Amino acid sequence: MKAMILAAGRGERMMPLTKTTPKPLIKVRGLTLIEHSIIALKKAKITNIIVNVAYLGWQIKAYIGNGARMGVKVTYSDEFSGVLETAGGIIKALPLLGKEPFVVINSDVLCDYDLSKLALPVGSLAHLLLIDNPPHNPNGDFSLTNDNQIINIHDQSYTFSGIGIYHPDFFRSHIKAEQKLPLYPLFKEAIANGQLSGEHYNGYWQDIGTPERLEQANNS
């Protein structure tokens, strides 16, 4: 199985820390955020990793290189001509990701979930890891039915963790020339078709979205 780490964003909410350093290279407990993601993938025996880069991406390339020093293989998907947002970035990288399901991780989340357990249920094109709503997202994103189908009406009990597994066909109807495209329109489409599933995880998870959350993570 392959994986993609999303690392192309500007990290606006982390300013001024990200003025000269890309967010994935900010350190938490002695390791950069992207190293935490790579280590989690390696523990799950996922060692073929694609990383999309844009803002100050040359620094990420110089620091991680081809991944050999960490025992993985890293390939880059460049978005230097313009950040394509989450789904757009994944779509551009599809030729590198292949035809089988692949894991996607936001580079700014820390989580102790065992990524080797991620799998697509029958009939699902995407399966998301959901967590309890954190203080910065009290209204949540999704709800789960008893058979782990995701819905997003009425009681939105859970927040998307930024971790999921996707089949390439999840993006098929949106494959076009390079375009900016977030994931949520695709989630809504998959919900309508009964093709989005999820699971709730109540272990350790931390979003490093602001300097305050960075401090919290370093002190936890």
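How many of the 11 residues of helix α1 (residues 33–43) are buried? The count is 8, so α1 is largely enclosed by the rest of the structure. Buried means under 20% relative accessible area, exposed means over 50%, and partly exposed lies in between (1.4 Å probe, protein chains only).

## Basis of the model

This is a predicted model: local features need pLDDT of at least 70, side-chain atom pairs count only at pLDDT 80 or more, and totals for chains, interfaces and linings use all residues. Residues are numbered from 1 along each chain as its sequence is written, and side-chain values use heavy atoms, with hydrogens and water left out.

Helices (H or I, at least four residues) and strands (E, at least two) are DSSP runs, numbered from the N terminus.

## Helix α1

The buried residues of α1 are L33, I34, E35, H36, S37, I38, A40 and L41. After the helix comes K45. Its phi is positive, near 65 degrees.

α1 lies across β1, β4 and β6 (102–106). It runs at about 165 degrees to β1. Contact means heavy atoms within 4.5 Å. Axes are lines fitted to C-alpha atoms, for helices over the stretch in contact, and angles run from 0 to 180 degrees between N-to-C directions.

## The sheet

An open sheet is formed by 7 strands, in the order β5-β4-β1-β6-β11-β8-β12. Its pairing is mixed. β5 and β12 (196–200) are the edge strands, and each pairs on one side only. From one strand to the next, the twist averages 30 degrees.

Strands of a sheet pair through backbone hydrogen bonds, either parallel or antiparallel. Here two strands pair if DSSP finds at least two bridges between them.

## Strand β4 and its partners

Strand β4 (residues 48–53) has 5 of its 6 residues buried, so it is largely enclosed by the rest of the structure. Strand β1 (residues 2–6) pairs with β4 in the parallel sense, over 5 bridges. Within that pairing, M4 stands opposite I50. I5 stands opposite V51.

β4 also pairs with strand β5 (residues 73–78), in the parallel sense over 6 bridges. N52 has S77 as its bridge partner in β5. V53 faces D78, again in β5. With helix α2 (residues 57–64) included, β4 and β5 make a right-handed β-α-β unit. A crossover is right-handed if, with the strands pointing away from the viewer, the path from the first strand over the helix to the second runs clockwise.

## Pocket and cavity

Rolling a probe the size of a water molecule over the atoms shows where empty space is left. On a 1 Å grid over the protein atoms alone, a cavity is a set of points where a 1.4 Å probe fits but cannot get out, and a pocket is an open set with protein on both sides within 12 Å along at least five of seven lines; lining residues have an atom within 4 Å of a point. Grid points are joined across faces, edges and corners, and a volume is the space filled by probe spheres set on the points.

The largest pocket has a volume of about 980 Å³. Its lining counts 36 residues, of which R13, K23, T86, N106 and D108 lie nearest its centre. Two or more lining residues come from each of α3 (85–97), β11 (158–166), α4 (184–192) and β13 (205–207). β11 gives the largest share, 4 residues.

The count of cavities of 30 Å³ or more comes to 1. The largest cavity holds about 40 Å³ of space. L6, T86, V104, N106, F160, G162, I163, G164, Y166 and L183 line it. β6 and β11 each supply at least two of the lining residues. β11 gives the most, with 5 residues.

A217 lies in helix α5 (residues 211–219). Its relative accessible area is 0%, so A217 is buried. A217 touches V28, R29, L110, Q206 and I208, not counting residues up to four places away in sequence. A217 and R29 are 188 residues apart in sequence, yet 7.9 Å apart in space, C-alpha to C-alpha.

A192 is placed in helix α4. At 68% relative accessibility, A192 counts as exposed. A192 and I151 are 41 residues apart in sequence and 8.7 Å apart in space, C-alpha to C-alpha.
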